[in-house]
Each structure stands twice: as structure tokens, then as C-alpha cells.
Amino acid sequence: MAEDGEYYGKHGEPRKHDPNFRGPAANRGCTDIICCILFIVAIIAYFAVGILAWSQGDPRKVIYPTDSRGQFCGQAGTPQANKPLLFYFNIMKCASPLVLLELQCPTPQICVQSCPNRFLTLVKAISNQNDFSYYQNFCEDGVTQSMGAAYILSSRLCPATLIPSAALARRCLPSLGQTGGVITVGNSTQFDDGSGNMVDAKNLLAGVSNATVVMEARQVVMKIFEDYTQSWYWILIGLVLAMVLSLLFIVLLRFLAGIMVWVMIALVILVIGYGIFHCYMEYAALKGQAGANVTIQQLGFQTDLTVYLQIQQTWLAFMIILAIVEVIIILLLIFLRKRILIAIALIKEASRAIGYVMCSLFYPLFTFLLLAIVIAYWAVTAVFLSTSNQPIYKVFNDSACMYSRNNCDPANYSSSIMKAHCPDSQCLFAFYGGESVYHKYLIGLQFYNVFLFFWCANFVIALGQMTLAGAFSSYYWAPAKPQDMPAFPIFSSLGRSLRYHTGTLAFGSLIVSIIQIIRVLLEYLDHKLKVAQNKFAKFLLCCLKCCFWCLEKFIKFINRNAYIMVAIYGKNFCTAARDAFFLLMRNVLRVAVLDKVTDFLLFLGKLLIVGLVGVFAFFFFSGKVKAFQNTAPTLNYYWVPILTVVICSYLIAHGFFSVYAMCVDTLFLCFLEDLERNDGTPERPYMMAESLRKILNKKNQSPAAQ
């Protein structure tokens, strides 16, 4: 193999011929045992964290609003079950910056059945039995007319006045409007504050604004959740369509690899071209319309994202991005046109291998199931950890008080020293927190939850890679196919991976997880430093983020090839990673030409499936096509199901195409090993298929005639 000499150098010695080698080693032992033990201990500790979180947490704190006594409004089985709404005694108190710091207005809050629908003051209501009966719905329990208005107001048992309000995110907020440019509440420009003073309705704006800052994001989430409830079955249909297209594409690749690749390339170019055309038509249609020439920067952030589709700059940006992608793809195809033919042959060989290991196409479903379990466990644990704080009560007052904002106990506050020094103060619920040992280390438990999530998710992905590598390597090295292959290649490889190489999988996934958690911390620091003006710190942080992103990609590449070598030879992680890296470095030109071109073609396949499903989802949910207008659900944000379908379609396509990618990578490494081990002589024949030998101009010599 003189022509291969250029690939050999300082990157290790070529592997020697072994006449007894027949694929994945049967006699192997457990590898990276220490890391296996560490992983098992970490998993046990993870379960312990979950049990602790589930015993301490209370998701109701996220679902229900909380009154001044820490009770949940609308919770079934409690005295507040029929009172789902939160009512503020004095909404103007919410204009205080405290609401943004502690997410709680410094005014009494109670749970009510419905919001007030008229103007009414306590002084007026107490003189009329019917009015007072209505007013009692917005007072503390036990309030009677005989107490008198002065006592009720000084004890803060009732609000001084009621204002017409509407429910927003389970909270009663003033029904503000605008008439002739003047702010109104309940169709009035002024209202009685309960002490005989008339207050302009515009004074409510600051309080309502601050109160809604806390709730606005939650309101958007509730609308998104409502959209999911209206469109979930259509989303499932879209995902089933993506799965069918992925399976159909893979089946067709087996028989029509060459034609399918060129058809795929043409369709991707056409789909992106149509996207450019559609963006231009939308851009042209908005030309001359009032407000369409507003820039995104001038518009600012809007919770209703459909607003952005009404300005020209959005469609112009989409058109430019798609045009750049189109040009890049065309240029790559021009420069790599000769190498595409070689990649097609490699895909054909991968198709043949998958034909012998058909159950490999369904292995991604097993990976999806394991990942779903990992994600669900992480999400549930995170919710319970974040809601495991205790209610914290603080002193709220109107006049100066030395104990203002100090912690207090509502049970005995009336007889406390703080109440004696500050007679007009109250002990109200402020937020959820805690000062116990558990609460002090709560942030550490959240960090551990995130880290173990990364570790377990990467372990599941690594298990899939090693399992598929073992199955496809048994195909490559089998002298007679399928006679010399295991009866169930996937199950045999999965059993070997879990029995002997759990530690190796844990080792490789641990390295990736550490890098990922560092990247998360860097993103957290970047978020904290956004307000800083230190340009050097920003530059350094940007460089670190870039370096760790590159490091993660490199480690994943090394791990992927290391798992292939472990699946074949049964060595430990470090040895396998070294052997795989040196093997690739000795054949660096082939790596760049064959392997990466094939990855690019498979990526175009994923892009095609996502594009087809995405275009269909856009026309269906947006109502652009008249045939779908009566069928499509009515949504707050039609981009929610579209984005969900596109992202999930990509994940589905990636899952199925990952089988192909792993098959190509495994066969590629095996074929490089084959070139080093063998030379085509009768004593050392090549194990690769005849089609690959033709591409590389390699031949197996016939035995000499006797």
C-alpha cells in the first residue's frame, strides 16, 4: 500500500494483520470500572435528590396565586376552592418598586370568587345592608357592619374602595380603558378613593403596570398552553408525517441512493428558493402599508410575535438569511461535485448494511424513550426543587418603621414588639424562601439536578452510538453475510455495551457533561454581565464561550469514534480514543473527503424533511390556504404549533438519519482498518464490499493456480 504511506507518520503505527480477527471481540472484560461505580453512586444520589425534592416541594405555588396569608386561591379541597381570583386592597400600592424586587405588592391581598364590577366605597356601603353584603365578598372573613368603617379600615379588614376590575392571570386588575385620549376605569375618568378624595384613573396605571410585569410572562405562557390544547392532535399528525417521510426516505435510499441524493439536493434548493420567493412576496405586499416600514429595533420586544410579521424588515431579514444559505449550499455542491459520487457509494454500502440490520431503524425510538424519561425526571425534580421553599412573611407599613421589610410571624404579630413600635404595620406574605440547611443548599441541589441531567442524557446518546457501532461492525467484518453475523446484531451489541462498557460510556459522557455545565455557567455569567460596561470582560467571556463550544464539538467527535473502537475491540475509553484519533489522523484526507461529505448529504436530507413538514404546517395553521381555514384551530399564536412541528420534525429526522450517520462512520473506520490490516493478497484479502474496492481501485488477488 505505497499510496497510503502519505497518511502514516507520527500518529501511531498501522494495525497489523490478524488472521483470527473476525469483527467485534467476543472475549472482552469490563472497562473503566471506577467510572462505572461513580456513575452508579451518582444515579443513586440523583434518586435521593428527587425523593427529597418531592417530599419538600409543592407545585401548587406555581399554579395558584397566593394571598397575604400564604393560602392558594382556587385550590380544590381548601376553604379557598371557590375563590380562584386574587384581589388587591389598594392596587396603587403596586406602583412601589418592591413589587419588582419581591414579586409582591405591599397591600393586603385576599382570594375572591369574582372581581368587583362597580364603584363602591366602604363608607357608603356600610350604611346600606345590600351594598355591605356585596362589599363583604372583598373583605376578610368575620367583618360586620357593627364594627364601623373607622375600625375596619384601621385594622385593614376591607379595602377603602372598590373599582370595576377584570380577571387577568387569576388576578383582579382595574378595567382600564381610553376615551378621547383620556384614561378611564369603568367608563369614568375619576373615582373615590374611600376617604372622599377623587383620584384620576390614570393614577392606577403605574400600579397596574408593575403588577402586570410579574404576570405578563405567565400570561403568554398560559396562551401558549391554550394553543397546545387546541392544536395538539394536529401537531401529532405533523410529527407522524415527519416520521413517515423519514422512514420512506431511508427505505428509498437503500434502493435508489444515487437518484435520491440528487433529488434530495434539487428539492432542498427548490424549497429554500420557494422560501426566498415567499419572503419577497410578503415584503412586496407590505410595501406602502402604514407602519410596515418600522424597524425591529424601533418596535422593541412584543409578546405578540405576529406583530413582527407585519413589518417589512422581518421578511427582508428572512429573505437575506435564506439567500445566504442557498448560495452556501450551491457553492459547496459545485466544489464537492466529484466527491459526492464517492459519498453516494458509501451511502449505498450503508444502505446494504442497514438492510441486514433492519431493526436498527427502530433503535432511535428506544433512545427517544430513554431521553424522554431523563427529561421528564429532570423537569419534575426541577419544579419540585423550585417550589420547596417556605412562605416568608415581612413587615409592610405606610409610615416610617425601623422594622420595615423585616421577617415576621403572622400568628403572633399582633402582640409582637414590631407591632408595638409600628402600630400601622402588617405582617404579610412576601415570597417563598427559607433559611434551613436544606434551603441554604437548594441552589446546589438544582445545580446537581442540571449536571446529572446532562450526564444521563449524554450517557443515553453514547449507549445508542456504541450499540449501533457494534451491530454495523459485525456486518463489515463478517466474511459471509449474513451467515457469520449474530442472529440479532442490535441486541447482541446492546448487551455487550451494558455488560462490559457501562464505565466507558459514563466516562465519555462525563467529559461532555462537564464541558456543557461550564458552558451553562458562562451563559449565566454573560446574562449577569449584560449591564456591565467592561468591554474587556465581555470580550473575554465571548472568547471563552467560543472556545468551549469548539471543545465540546471536538470531544463529541472523539467520543463518537472512540465508542466505535470500543464496540470492535473492547478496550477502555482512553485507549480506544487514542487509537481512533491516530487512525483518523493517518487518513486525514479521506476523513475530510468521504466522511464529512456524507454527513453533509444526510444533513440535506434532514433539512428537506423539516422543510416539507414546516411548509405544510405553515399553510395549515396560518390559514393562508382557504381549504384549511375551516379545519385549522383558532389560535392566539399560530407560530406556536408551527415551531413545535418544525423542531420536533428535525428531532425525528435526526433520530432516523443518525442511524445512517453512525453506520457510515462505523463502516468508514472499519474500512480504514481494513486498508491497514490487509493488502488484497490471498493471505490478507480485503473485507470491504466489491463496490467500495472499485471506488478505491483496490482488488482482491485470486489464489495462485496449483
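Which residue follows α17, and is its phi positive or negative? The residue after α17 is G570, and its phi is positive, near 75°. Welcome to a short tour of this predicted model, which has 22 helices and 12 strands. Of its 706 residues, 46% count as buried.

**Overall picture**

- Among contacts with a separation of 6 or more, residues 24 or more positions apart account for 71%.
- The protein exposes about 35600 Å², and carbon and sulfur atoms supply 65% of that area.

- Helix α17 covers residues 535–569, which makes 35 residues. From its first C-alpha to its last it reaches 51 Å, close to the 51 Å expected at 1.5 Å a residue.
- The structure holds 7 salt bridges, and E552 takes part in a bridge with R519 (2.6 Å, N to O). R519 lies in helix α16 (residues 502–528) and E552 in α17, so this pair ties together parts that are 33 residues apart in sequence.
- E552 also pairs with K556, with the closest N and O atoms 3.1 Å apart. These two residues sit 4 residues apart in α17, so about one helical turn separates them.
- Through shared partners, R519, E552 and K556 join into one network of salt bridges.
- How exposed are the members? E552 is buried, with a relative accessible area of 6%. R519 is partly exposed at 27%, and K556 is partly exposed at 34%.

**Another salt bridge**

- D131 and R118 meet through their side chains in a salt bridge of 3.7 Å, N to O. The pair links distant parts of the chain, with D131 in helix α5 (residues 129–135) and R118 in the loop between β2 (109–112) and β3 (120–121), 13 residues apart.
- D131 counts as buried because its relative accessible area is 16%, while R118 is partly exposed at 32%.

**Aromatic pairs**

- A search of the whole structure finds 25 aromatic pairs. In one of them, the rings of F39 and F459 have centres 4.7 Å apart and planes at 20°, so the pair is stacked.
- F39 belongs to helix α1 (residues 33–56) and F459 to helix α14 (residues 442–476), so the pair ties together parts that are 420 residues apart in sequence. Both F39 and F459 are buried.
- W315 is buried, with a relative accessible area of 7%, whereas F318 is partly exposed at 37%.
- Y46, F47, W54, Y377 and Y448 form one aromatic cluster.

- P59 is partly exposed, with a relative accessible area of 25%.
- Leaving aside residues up to four places away in sequence, P59 touches V383, F384 and T387. Its C-alpha is separated by 9.4 Å from that of V380, although P59 and V380 are 321 residues apart along the chain.

**A nonpolar patch on the surface**

- V251, F255, L256, I259, V263, L267 and L270 make a nonpolar surface patch of about 640 Å².
- One of these residues, I259, is found in helix α7 (residues 204–286). I259 counts as exposed because its relative accessibility is 54%.

Notes: Residues are numbered from 1 along each chain as its sequence is written. This is a predicted model: local features need pLDDT of at least 70, side-chain atom pairs count only at pLDDT 80 or more; totals for chains, interfaces and linings use all residues. Side-chain values use heavy atoms; hydrogens and water are left out. Patches are made of residues with over 30% relative accessible area and no salt bridge: like charges are joined within 9 Å, nonpolar side chains (Val, Leu, Ile, Met, Phe, Trp, Tyr) within 5 Å. Accessible areas come from the Shrake-Rupley method with a 1.4 Å probe; for residues, only the protein chains shown count as cover. A salt bridge is a side-chain nitrogen of Lys or Arg within 4 Å of a carboxyl oxygen of Asp or Glu. Buried means under 20% relative accessible area, exposed over 50%, partly exposed in between (1.4 Å probe, protein chains only). The expected span of a helix is 1.5 Å times one less than its number of residues. Contact means heavy atoms within 4.5 Å. Rings of Phe, Tyr and Trp (its six-membered ring) pair if their centres lie within 6.5 Å; planes under 30 degrees apart count as stacked, over 60 as edge-to-face and the rest as tilted.
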